[in-house]
Amino acid sequence: MENFTMIQFFEWYSPGDGSLWEHLKNEAGRLKSIGIDAVWLPPAQKGAAGGYSVGYDVYDIYDLGEFDQKGSVRTKYGTKQQMLDAVNAAKEAGLNVYVDVVLNHMGGADETEKVTVRKVNPENRNEFISEPYEIEAFTKFTFPGRQGQYSQFVWDWQCFTGVDHDNATGENAIFSIQNQYGEAWEDVVGNENGNFDYLMLDDIDTRNPAVRDELKRWGKWYYDTVGFNGMRLDAIKHISFDFYNDWLDHMRNETGQELFTVGEYWAYDVGLLQEYIEATAGRMSLFDAPLHNNLHQASMQGNNYDLTTIFDNTLVAANPDKAVTLVENHDTQPLQSLTQPVDYWFKPIGYALILLRESGYPCVFYPDLYGSKYTDKGDDGNDHEIILAPVTELEGLLHIRKYIAYGQQRDYFDHPNCIGWTREGDDEHQNSGCAIVISNSEEGNKRMEIGQRHAGKTFVDYLGKHDAEITIGDDGWAEFFVRPGSVSVWGVKK
């Protein structure tokens, strides 16, 4: 088996000039050559903010940058044709393509409607704090720019469970729409805020059979149009798991493809992730948010963090076959909604932890390969300039993952400030086998077994952090070294 790695090929502050699809087209070959196997694309549909939209404020799921809607033909990332060209280039380079699917909510409706609602307590959405009354809500989507091409479905108030704005009074609150499919919210996993079905904008009601049918039609249309290999599902914490069981089965049956799928259930309690995997009967993988939290904490606490606990209460430890591991993403980067950045000094360590072990499907974040610079407002209301430097060790770690991080794994998580593990290597990958040592404090060393197949071989640090040359003993053991606050990966000297 070959080690696979995906990249999130965008960030929140990707350029708004329509250049991303062209960038992917030009980079596809290089990505494959450095050890990337799949690209996760941003939401490609037209958002309520038109050409400025990151894509999570979905307006029209059928507009991939083709129609003059919301002030723009192209999306933030380019035109539909540019997207298709980029996908084709990626597939020709040997990359799998994962599309971002946002089916929790819609925004930017074309018309208002009179809607009967009840206000709910935002801290406990199961508690009504008003009797039914009428508001004016932006809930009717007619897509005049598309004029019925691909689908003539019109979304109206019966397609949604809730909204957060009354256009008649200007009031912002969480309003539960009282429709024929239920006066309450849909069933979701977890009891955060009582029920966290409602997240933002117009919340889609998948209890409505017409909505389910339309989303199934759209899913097949999207697959036929783009030809993707898999999906990343947005905000699944807020969506009926029963809907996704039905929808994923339909997609796989209709396409005849496995369609690798990873869901974003952002919670630091691994028990909730396990509960969701159980509720969906293993139909999708999940991002390992608890591991990301551990990496963040470790990067902030320095040598006060006990590295032996880095995988405690994580999905990759509890359910490795369903864990997509990551160091950072568009929501956790500085100034974003789930800001919990991993400090720069720790990123090479974080990537070693997700790339060089047996378990998990690692996801690399765009700025960690390419860098990023942007300005945005912080919680203090002031503008902040953020500079994210590329992780210089990342390409080396990707190469190590692709070519030598194979074989039996032996862990040496026996010191709070210095941990290590070895991969013995296998017969399928020439010169495979490596020893990884990590320190979050002073210079360290670790005596570890890498296997007698390496007896007498000379090992060097593939990351170039340490200049020693290490000879493996006849028993397959050796002493491996690491610089302060660093990671070294020792492999066969060529």
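Me: Is C418 buried or exposed, at 7% relative accessibility?

Reply: C418 counts as buried at 7% relative accessibility; buried means under 20% relative accessible area, exposed over 50%, and partly exposed in between, with a 1.4 Å probe and protein chains only. C159 is buried too, with a relative accessible area of 3%. Please keep in mind that this is a predicted model, where local features need pLDDT of at least 70, side-chain atom pairs count only at pLDDT 80 or more, and totals for chains, interfaces and linings use all residues. Residues are numbered from 1 along each chain as its sequence is written, and side-chain values use heavy atoms, with hydrogens and water left out.

Me: How many disulfides does a search of the whole structure find?

Reply: A disulfide is a covalent bond between the sulfur atoms of two cysteines. The search looks for a pair of cysteine sulfur atoms within 2.5 Å, and over the whole structure it finds zero. For C418, the closest cysteine sulfur is in C434, 16 Å away, which is too far for a bond.

Me: Thanks! Now, which residues of α6 are buried?

Reply: An α-helix has 3.6 residues a turn, so residues three or four places apart point the same way. Helices (H or I, at least four residues) and strands (E, at least two) are DSSP runs, numbered from the N terminus. In α6, the buried residues are A289, P290, L291, H292, N293, N294, L295, H296, A298 and S299. Because ten of its 13 residues are buried, α6 is largely enclosed by the rest of the structure. The cover over these buried residues includes α5 (270-279), β15 (285-287), α7 (315-318), β16 and α8 (347-355), where contact means heavy atoms within 4.5 Å.

Me: And what lines the largest pocket?

Reply: On a 1 Å grid over the protein atoms alone, a pocket is an open set of points with protein on both sides within 12 Å along at least five of seven lines, while a cavity is a set where a 1.4 Å probe fits but cannot get out; lining residues have an atom within 4 Å of a point. The largest pocket is lined by 29 residues, of which M1, F4, G360, Y361 and R401 lie nearest its centre. β14 (260-263) and β16 (323-326) each supply at least two residues of that lining.

Me: Last one: which residues line the largest cavity?

Reply: The largest cavity is lined by D60, I61, Y62, M106, F143, R146, S151, F153, W155 and E214.
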